[in-house]
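Here is a brief structural report. It covers the fold, the core, the ring pairs, the charged pairs and the surface.

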Amino acid sequence: MVAVNRGGQGGKPARDLMDGLLAGAAGTTALNAVSYLDMAVRGRPASQTPQETVRRLAGLARAGELASEQPSRMTENRRSGLGPLLGYATGLATSALFAAALRRRRIPVPAAAALLGAAAMLASDAPITALGISDPRSWSRADWLADLAPHLAYGVVSALTWHLLAGDRRR
């Protein structure tokens, strides 16, 4: 079985963090590609959840216009930009934290993929649940699959990228 070996490489924490960020970027790209493919195949619209997350977080931060229930077109556009940026930040942070936490451990790629996918799904779904934007308990099977598939792609691509980067240093 292929495993990621982070120990015995003389690796530095900064290198581990960079590996995690690169793996997270690759995983986030895969997540977005699977999400857009799902939209294209099923003909579904883009989710408004990221923009609503920005609005609710802005309300908690008392960030004025971003929190407005009646935003201007410019504010809507800002939310449309900030929402996906939150997703990128989540994807990068999830993989970077994973890399930092497991830098000296050997872990099989399938296990790393499952852990990364589950962590990214939790990091995405917990805030929208806590903010009252969505309630996963009310999701249909199709809703769960639409959420699971991109996060699984994230986990697989992030874990494989992390493994390849670790292999680079062994050469």
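## Charged pairs within helices

Arg56 and Glu52 sit four residues apart in helix 2 (residues 49-60), so about one helical turn separates them. Helices here are DSSP runs of H or I with at least four residues, strands are runs of E with at least two, and both are numbered from the N terminus. The two side chains form a salt bridge, 2.7 Å from N to O. That term requires a side-chain nitrogen of Lys or Arg within 4 Å of a carboxyl oxygen of Asp or Glu. Arg56 is partly exposed, at 26% relative accessibility. Buried means under 20% relative accessible area, exposed means over 50%, and partly exposed lies in between (1.4 Å probe, protein chains only).

This is a predicted model: local features need pLDDT of at least 70, side-chain atom pairs count only at pLDDT 80 or more, and totals for chains, interfaces and linings use all residues. Residues are numbered from 1 along each chain as its sequence is written, and side-chain values use heavy atoms, without hydrogens and water.

Helix 3 holds a pair three residues apart, Glu76 and Arg73, again separated by about one helical turn. Glu76 is partly exposed at 33% relative accessibility, whereas Arg73 is exposed at 60%. Salt bridges with shared partners also link Glu52, Arg55, Arg56 and Glu69 into one network.

The whole structure has eight salt bridges. Three of them are listed here, including the pair of Asp38 and Arg44.

| Salt bridge | N to O distance |
|---|---|
| Asp38 and Arg44 | 2.5 Å |
| Arg56 and Glu52 | 2.7 Å |
| Glu76 and Arg73 | 3.3 Å |

Asp38 counts as buried, at 17% relative accessibility.

## Fold

The chain has five helices and two strands. Along the sequence they run β-α-α-α-β-α-α. The C-alpha atoms fill a box of roughly 55 × 35 × 25 Å along the principal axes. Of the 171 residues, 36% are buried. Contacts are heavy atoms within 4.5 Å. Among contacts with a separation of 6 or more, 78% join residues 24 or more positions apart.

## Core and ring pairs

Which residues touch the most other members of the largest nonpolar core? They are Phe98, Ile107, Ala159 and Trp162, in a core of 14 residues. Such a core is a set of buried Ala, Val, Leu, Ile, Met, Phe, Trp, Tyr and Cys residues joined through side-chain atoms within 4.5 Å. Helix 1, helix 3 (73-101), helix 4 (109-130) and helix 5 (141-170) each give two or more residues. Helix 4 gives the largest share, five residues.

The structure holds two aromatic pairs. One of them joins Phe98 and Trp162: the ring centres are 5.0 Å apart and the planes meet at 70°, so the pair is edge-to-face. Rings of Phe, Tyr and Trp (its six-membered ring) pair if their centres lie within 6.5 Å; planes under 30 degrees apart are stacked, over 60 edge-to-face, and the rest tilted. Phe98 lies in helix 3 and Trp162 in helix 5, so the pair ties together parts 64 residues apart in sequence. Both Phe98 and Trp162 are buried.

## Surface

The accessible surface comes to about 9900 Å², and carbon and sulfur atoms hold 64% of it. Areas come from the Shrake-Rupley method with a 1.4 Å probe; for residues, only the protein chains shown count as cover. Leu17, Met18, Leu21 and Leu22 make a nonpolar patch of about 330 Å². Patch residues have over 30% relative accessible area and no salt bridge; like charges are joined within 9 Å, and nonpolar side chains (Val, Leu, Ile, Met, Phe, Trp, Tyr) within 5 Å. Leu17 belongs to helix 1 (residues 13-42). Leu17 is partly exposed, with a relative accessible area of 42%.
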